[in-house]
Amino acid sequence: MLRLPTFEVVQPTALEAALEALAEPDAVAVAGGTDLLPNLKHRLAYPRRLVSLARVEGLARAPEVEADGTLVLRAGATLARVAADRRVRTIAPSLAEAAGRVASPLIRNMATIGGNVNLDTRCRYVNQTAFWRSAIGGCLKSEGQVCHVVPKGRNCVAALSSDTVPVLLSLDARLVQRAAGGRRREIDVASYFHADGTAHLLREPGEITWEIRIPPAVQPRRTAYVKWSVRGSIDFPLVSVALRADLEEDRDDAPVVGWRVVAGVLGSKPRVVKVPPAATGAPLADPAVAEAVAEAVHRQCKPLENVPYEAAYRRKLARVLVRRAVARLGGRDTAR
Ligand SMILES: Cc1cc2nc3c(=O)[nH]c(=O)nc-3n(C[C@H](O)[C@H](O)[C@H](O)COP(=O)(O)OP(=O)(O)OC[C@H]3O[C@@H](n4cnc5c(N)ncnc54)[C@H](O)[C@@H]3O)c2cc1C
Ligand code: SF4
């Protein structure tokens, strides 16, 4: 049995009290605890104080749609709620799909969307017990000085493993961040992540994610989320691609006018894939469109050996799964 280290827990109900508690040194926020607590059991951090966000008033409010069509998710909403919510399923179906494919039903009932956005990066050499890690001398993200994935590298390339982050980026979502003293800032999801697996969030000290805002679509669109994991019923993604096709008109057979394609589980930040002109100007059902998007993903996404399963296999799989997903978006059923 793995034990938790010793820490103090505070459970404020007012946002400002939570933010003040988080401003103390060595304080860490905990929401559902489904990522943080296993990491503490693995001795990947030793916070002195956990500040529970579970009772903070307003943080778990149901998703809302504002007058201009912006979909607003509070960070404390559980993934089960996000996946099932009628407004999310209508406005952002790929987000509902990604949220509904995180872990297992039990975990989704505890896990929050804010925790999923702020999820720590993962690596096969670090998400292990301290005893296991001691056999290889640790690494840059734990107790060591080297990276076992890129041995000559000076940066940690642990994988961004959140299912919802690539989707949120594909939908141009923005985060509302709050900190003590009434500080509030908005940042787009694309700018929140950077390429350092030991500190991949551009989160300011003491800050929490309060709200996630998804702007209304400016074009009719179709979206999908591609995920592959070993056990579909519980595992983290090993292939993860969010797809958004903007259409000329709101018909499945309308020409595609633009793409937003974002991949996760490569390095420590999501990768925006540049989609070539060959993937536009024709309907989604045109096999050449699916092929062009899949080829762009294959060319630009080079998985690393930071998570289980051979990187070359995952790269090939991404191409096949993306091609099928685009075909399905166009109403073509293909198992090719
Ligand atoms: C068996 C298992 C399988 C899993 N499978 C998946 C999977 O398939 N896909 C996936 O994406 N995840 C998976 N997870 C990880 C985790 O369950 C989810 O990512 C979940 O959404 C984390 O949310 P949480 O509320 O539990 O976060 P917590 O564990 O409470 O927190 C996670 C991190 O976010 C920070 N945090 C939490 N809320 C906020 C906030 N509002 N503002 C700022 N920082 C915050 C915490 O300080 C912590 O660093 C899995 C976990 C387990 C144990
Ligand atoms: S990518 Fe390298 S430094 Fe980062 S966790 Fe993995 S082995 Fe450690």
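## Ligand 1 and its shell

A backbone N or O atom of alanine 29 lies 2.5 Å from an oxygen atom of ligand 1, a polar contact in the sense used here (a pair of N or O atoms within 3.5 Å; within protein, one must be able to donate a hydrogen and the other to accept it, and residues adjacent in sequence count only if both atoms are side-chain atoms). This is a predicted model, in which local features need pLDDT of at least 70 and side-chain atom pairs count only at pLDDT 80 or more, while totals for chains, interfaces and linings use all residues. Residues are numbered from 1 along each chain as its sequence is written, chains are lettered from A and ligands numbered from 1 in the order in which they are written, and side-chain values use heavy atoms, with hydrogens and water left out.

For leucine 36, a backbone N or O atom is placed 2.8 Å from an oxygen atom of ligand 1, whereas asparagine 116 uses an N or O atom of its side chain, 2.8 Å from an oxygen atom of the ligand. On its own, ligand 1 has 980 Å² of accessible area, of which the protein covers 91% (Shrake-Rupley method with a 1.4 Å probe; for residues, only the protein chains shown count as cover). Strand 2 (27–30), helix 7 (113–117) and strand 8 (208–214) are the elements that give two or more residues to the shell, where helices (H or I, at least four residues) and strands (E, at least two) are DSSP runs numbered from the N terminus.

Around ligand 1 there are 33 residues, of which Ala29, Ala31, Thr34, Thr112 and Asp163 come nearest; a residue is near a molecule or strand if one of its heavy atoms lies within 4 Å of it. The shell divides into 17 nonpolar, 11 polar and 5 charged residues, with Ala, Val, Leu, Ile, Met, Phe, Trp, Tyr, Cys and Pro counted as nonpolar, Asp, Glu, Lys and Arg as charged, and the others, Gly among them, as polar.

## Ligand 2

The residues around ligand 2 include Cys123, Cys139, Cys147 and Cys156, together with Tyr125, Lys141 and His148. By residue class, this shell comprises 10 nonpolar, 1 polar and 1 charged residue.

## Nonpolar cores

The largest nonpolar core has 37 residues, and Leu243, Trp259 and Val326 touch the most other members; such a core is a set of buried Ala, Val, Leu, Ile, Met, Phe, Trp, Tyr and Cys residues joined through side-chain atoms within 4.5 Å. At least two residues of this core come from each of strand 9 (221–228), strand 10 (239–247), strand 11 (256–264), helix 10 (287–300) and helix 11 (311–329). Apart from neighbours within four places in sequence, valine 326 is in contact with Leu243, Trp259, Leu284, Val289, Ala290 and Val293, contact meaning heavy atoms within 4.5 Å. A second, separate core of 35 residues includes Leu95, Ala103, Leu175 and Leu201.

Alanine 103, in the loop between helix 5 (93–100) and helix 6 (105–110), has a positive phi of about 45 degrees although it is not a glycine. With a relative accessible area of 12%, alanine 103 is buried (buried means under 20% relative accessible area, exposed over 50%, partly exposed in between; 1.4 Å probe, protein chains only).

Valine 265, found in the loop between strand 11 and strand 12 (271–273), likewise has a positive phi, near 55 degrees. Its relative accessibility is 1%, and valine 265 therefore counts as buried.

## Two buried serines

Serine 161 belongs to the loop between helix 8 (130–134) and helix 9 (164–170) and is buried at 4% relative accessible area. A polar atom of its side chain lies 3.0 Å from the backbone oxygen of alanine 159. Beyond four places in sequence, serine 161 is in contact with Leu119, Arg122, Phe236 and Pro237.

Serine 52, in strand 3 (residues 49–52), is also buried, with a relative accessible area of 8%. Its side chain reaches the backbone nitrogen of alanine 54 at 3.2 Å, and the contacts of serine 52 beyond four places in sequence are with Val10, Gln11, Pro12 and Val30.

Phenylalanine 7, in the segment before strand 1 (8–10), is partly exposed at 21% relative accessibility. Excluding neighbours within four places in sequence, phenylalanine 7 is in contact with Leu40, Pro47, Arg48, Arg49 and Leu50.

Glutamate 248 lies in the loop between strand 10 and strand 11 and, at 47% relative accessibility, counts as partly exposed. Its contacts beyond four places in sequence are Gln219, Pro220, Ala254, Pro255 and Val257.
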